[in-house]
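Work through the exercises below with the model open beside you. Try each task before reading its solution.

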Amino acid sequence: MKKSDFEKMCLDLEKRSKKIDGFECISDETSNEIILARKAVKKYINGDKNRLLKLKAQAIRDDYMKYYGNIISAFALSASILSLTFSFSSINKIVIWELLLKLFFLIILIIVFYLISKLSPINSWRQYILVVIEEIEKTF
């Protein structure tokens, strides 16, 4: 899946804000998220309001934590229903299926948490970029 400009910007901001050679960057430019986000947004839009609006739309759309929260809720509901179903049956064959389903759910859960951790930089920079976009919109 192709990454949006917003996702690319967030990942780039995450790289630039990381520690350099194990030492924390002390300059205002690298320690303040708003300054980094403002520079990145201004560079991206280059004075074009349409690019600003496109970036804003992508930032609003890409609320991954809300999306994955819904997935985890649906996953928990299905696990509860299956658990309740298996608790009413006492056939030995179902024990094997129950173990396989638990293993399947564990694998799915690991994948979901991996994806959440992978998209964490996007979610953490989203708020700063949206604040900067609102600020820039006032000047247009």
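Two residues are in contact when they have heavy atoms within 4.5 Å of each other. Keep in mind that this model is predicted.

**Exercise 1. The overall fold**

Task: Find how many helices and strands the protein has, and what share of its contacts with a separation of 6 or more comes from residues 24 or more positions apart.

Solution: 
- Step 1. Count the elements. There are 7 helices and 0 strands.
- Step 2. Read them from the N terminus. The order is α-α-α-α-α-α-α.
- Step 3. Residues 24 or more positions apart make up 79% of them.
- Step 4. Turn to burial. Of the 140 residues in the protein, 26% are buried.

**Exercise 2. The largest nonpolar core**

Task: Which residues of the largest nonpolar core touch the most other members, and which helix supplies the largest share?

Solution: 
- Step 1. Take the 24 residues of this core. Phe6, Met9, Leu13, Val41, Leu55 and Ile129 touch the most other members.
- Step 2. Trace where the core residues come from. Helices α1 (5-17), α3 (33-45), α4 (49-61), α6 and α7 (120-139) each give at least two.
- Step 3. Find the main supplier. Helix α7 provides the largest share, with 7 residues.
- Step 4. Zoom in on Val41. Neighbours within four places in sequence are left aside here. Val41 then touches Met9, Leu52, Leu55, Ile129, Val132, Ile133 and Ile136.

**Exercise 3. Tyr68 and its partners**

Task: Is Tyr68 buried or exposed, and which residues does Tyr68 touch beyond four places in sequence?

Solution: 
- Step 1. Tyr68 sits in helix α5, which spans residues 64-87.
- Step 2. Apply the cut-off. Buried means under 20% relative accessible area. Tyr68 has 9%, so it is buried.
- Step 3. List the contacts. Tyr68 touches Val112, Leu115, Ile116 and Leu119.
- Step 4. Compare sequence with space. Tyr68 and Ile116 are 48 residues apart in sequence, yet their C-alpha atoms are 7.2 Å apart.

**Exercise 4. A nonpolar patch**

Task: Which residues form a nonpolar patch on the surface with about 660 Å² of accessible area together?

Solution: 
- Step 1. Name the members. They are Leu103, Leu106, Ile107, Ile110, Ile111, Tyr114 and Leu115.
- Step 2. Check one of them. Leu103 belongs to helix α6, residues 92-118.
- Step 3. Leu103 has a relative accessible area of 46%, so it is partly exposed.

**Exercise 5. Salt bridges across the chain**

Task: How many salt bridges are there, and which helices does the Asp5 and Lys54 pair link?

Solution: 
- Step 1. Oppositely charged side chains can pair when their charged atoms come close.
- Step 2. Count the bridges. The protein has 4 salt bridges.
- Step 3. Take Asp5 and Lys54. Their side chains meet at 3.2 Å, N to O. The pair links helix α1 with helix α4, across 49 residues.
- Step 4. Take Glu135 and Arg38. Their salt bridge is 3.1 Å, N to O. Glu135 lies in helix α7 and Arg38 in helix α3, so parts 97 residues apart in sequence are tied together.
- Step 5. Take Lys56 and Glu137. This salt bridge is 3.1 Å, N to O. Lys56 in helix α4 and Glu137 in helix α7 are 81 residues apart.
- Step 6. Lys56 is partly exposed at 24%, and Glu137 is partly exposed at 23%.

How values were computed. Residues numbered from 1 in each chain as written. Predicted model: local features only at pLDDT ≥ 70, side-chain atom pairs only at ≥ 80, totals over all residues. Heavy atoms only, no water. Helix = DSSP H or I, 4+ residues; strand = E, 2+ residues; numbered from the N terminus. Buried < 20%, exposed > 50% of the residue type's maximum accessible area, 1.4 Å probe, protein only. Patch = residues over 30% accessible without salt bridge, like charges linked within 9 Å, V, L, I, M, F, W, Y side chains within 5 Å. Areas by Shrake-Rupley, 256 points an atom, 1.4 Å probe, with all protein chains shown as cover. Core = buried A, V, L, I, M, F, W, Y, C linked by side-chain atoms within 4.5 Å.
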